[in-house]
Amino acid sequence: MASVIPTVAVEVELAGVGGGWTDLAAGLDVVKAVGIQIRRGIRGSGPTDLLASPGTAVFCLRNNARTGKPLGYYSLYNSNKRSGWALGIGCRIRITDPDTATVRTVFRGRIDRIKALPGKALTRMVEVTAVDWLADALRWSVPPEIGEQVDQRGDQILTALLAEMPDPPAATTLDTYSESYPIALDTLESGKTPLTTALAQVAASEGAPVYLKADGTFRGERRHTRLLASSVWTLTDTEILADGDMDMPSGRDEIINTVRVTTHAKVID
């Protein structure tokens with residue numbers, strides 16, 4: 001059976017935010033033989049692993065003259081550098097299904113690192129690393145303007161936090177959280193605490209994940225969202241056996257029957 005190969009687009013905002021997307025893969029600048037490595041989502045599988053880690057996408061660009069571009073086209077400090085090519089510009093990776101023409105975004109972020117490999121004897125490629133919005137959230141600090149949140153639900157606290165950030169996510173989807181908190185964010189050290197610390201606290205209080213979707217949408221789930229969701233795909237024994245690499249270990253340590261929660265009531269003097 002012939003393999004179905006999707007069309008991959010590596011797009012950047014060379015003209016700035018909102019100035020349009022330029023597909024680097026369409027100009028044969030992306031080195032397909034090296035591949036594209038994308039890593040994102042919640043890395044752990046424990047009950048307290050609720051905040052996603054910053055996502056990354058790594059790919060390589062041709063930096064020689066074989067594609068009709070000048071030598072050093074993607075080097076950051078070369079006189080032949082492509083116009084608009086710089087650190088911090090928007091980057092997204094999209095895949096088009098050849099059968100249905102459905103386009104799906106699998107990563108969205110910003111160019112964070114550009115490493116050129118120069119020299120006649122080397123490959124003359126540029127290794128590019130893009131990071132998603134959570135990497136920026138790790139650098140940002142909660143501003144003093146946020147103040148303590150009084151009688152607010154978790155989703156309202158998340159909304160307040162995002163509103164104070166200089167660069168919000170591409171989109172936001174929040175469930176209505178389960179309960180309100182009398183006082184929140186009062187233990188954060190304003191101006192010094194990373195935004196991700198505050199996000200982790202809200203996720204822990206709700207007991208539900210906070211993460212970025214592949215298209216860059218900031219997502220905050222209610223603690224019952226996944227428990228009430230219906231199954232979207234069921235694997236049969238035939239499908240499981242057909243893939244020799246599928247491994248689904250299980251052990252008693254992974255079974256959680258009892259959850260103990262301790263609350264410390266706050267007293268306002």
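R223 and E206 meet through their side chains in a salt bridge, 3.9 Å from N to O. A salt bridge here is a side-chain nitrogen of Lys or Arg within 4 Å of a carboxyl oxygen of Asp or Glu. This is a predicted model: local features need pLDDT of at least 70, side-chain atom pairs count only at pLDDT 80 or more, and totals for chains, interfaces and linings use all residues. Residues are numbered from 1 along each chain as its sequence is written, and side-chain values use heavy atoms, with hydrogens and water left out.

**The R223–E206 pair**
- Helices (H or I, at least four residues) and strands (E, at least two) are DSSP runs, numbered from the N terminus.
- E206 is buried at 1% relative accessibility, while R223 is partly exposed at 28%.
- Buried means under 20% relative accessible area, exposed over 50%, and partly exposed in between (1.4 Å probe, protein chains only).

**Other pairs**
- D136 and R139 form a salt bridge, with their closest N and O atoms 3.3 Å apart.
- D136 and R139 are three residues apart in helix α1 (residues 133-139), so about one helical turn separates them.
- D136 is buried at 14% relative accessibility, whereas R139 is exposed at 52%.
- D155 forms a salt bridge with R153, the closest N and O atoms lying 2.9 Å apart.
- D155 is buried at 8%, and R153 is partly exposed at 24%.

**The whole structure**
- A search of the whole structure finds 15 salt bridges.
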